[in-house]
Amino acid sequence: MFLESISAFSLQGSNLGSLLKSASANGSLTPPSCYSSSSSLALSRKRDDGFACYASSRTASMQLTGVVFQPFEEVKRDDFMVPVVPNVSLARQRFIEECEAAINEQINVEYNVSYVYHSMYAYFDRDNVALKGLAKFFKDSSEEERDHAQKLMKYQNIRGGRVKLHSILMPPADFDHAEKGDALYAMELALSLEKLTNEKLLKLHSVADSNNDPQLSDFIQTEYLQEQVEAIKKVAEYVTQLRMVGKGHGVWHFDQMLLHAGDGAL
Ligand SMILES: [Fe+2]
């Protein structure tokens, strides 16, 4: 009776009816070689009252790559438990503290550069300096660096990190230089700051890589690295042009070019 009832099951890669005939002939049953490793059913040795049929504890559940999806078993692991204590991110997953700290440090870099550019804006906007193009360029660049900081803050929160703002250093208030003049001196300082920012971004990227965080690596590559080398190229060209024109009248023409340029921010 029992044999009749289970004969309705079919096994992948084998025929249950022939298996049962084989088992009856031998008096015992072990899975034959044709038994599929992906089958969900298996037969045990003969018992006094018939054959036991059970769900396989191996075969399909064997994970060779770690990609196999068994949601109702895997979700029981500790790392999928949802925190219940307050002040702990629910979204955080595989986000190492070193990456979190490195993002906060990069936010500080962006804010410091923004602060220096803002000071340059205030200098070139003075009535006795009156280089309105440079003033506009550094004001836009200051806002651009602040945007870079805010984008990092948003990413920090996406990953379940905590934004910690550090102190900002006081920038210079005057940018005049006896030999170079103020425009060239400020632009050379801007070039140094952009290269320094690039170094810090590359360091942040290496922290992400060393902590096996491809999402952070991709974020830095996609949102920052390309734009940063383009900013370095642009400000390097401005330094070259300012070296050509020297001080005085030539700087006024350079300033007019910046004033009427479209989006000239770094
Ligand atoms: Fe930036």
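I took helices (H or I, at least four residues) and strands (E, at least two) as DSSP runs, numbered from the N terminus. The model is predicted: local features need pLDDT of at least 70, side-chain atom pairs count only at pLDDT 80 or more, and totals for chains, interfaces and linings use all residues. Residues are numbered from 1 along each chain as its sequence is written.

**Fold.** I read the pattern of the protein chain along the sequence as α-α-β-β-α-α-α-α-α-α. That comes to eight helices and two strands.

**Helix pair.** I looked up α6 (residues 182-210) and α7 (residues 214-245): their axes come within 9 Å and cross at roughly 160 degrees. Axes are lines fitted to C-alpha atoms, for helices over the stretch in contact, and angles run from 0 to 180 degrees between N-to-C directions. The crossing angle therefore makes α6 roughly antiparallel to α7 (angles over 145 degrees count as such).

**Cores.** I counted a residue as buried if 20 or more other C-beta atoms lie within 10 Å of its own, with C-beta atoms placed from the backbone. A nonpolar core joins buried Ala, Val, Leu, Ile, Met, Phe, Trp, Tyr and Cys residues through C-beta atoms within 7 Å. The largest such core has 26 residues, and Met120, Phe124 and Phe138 are among those with the most contacts inside it. Helix α4 (97-124) is one of the elements that give two or more residues to this core. With seven residues, α4 gives the most. A second, separate core has 16 residues, including Cys99 and Tyr224.

**Burial.** Of the 266 residues of the protein chain, 23% count as buried.

Notes:
Parallel < 35°, antiparallel > 145°, perpendicular 65-115°, else oblique. Buried ≥ 20, exposed ≤ 12 C-beta atoms within 10 Å, placed from the backbone.
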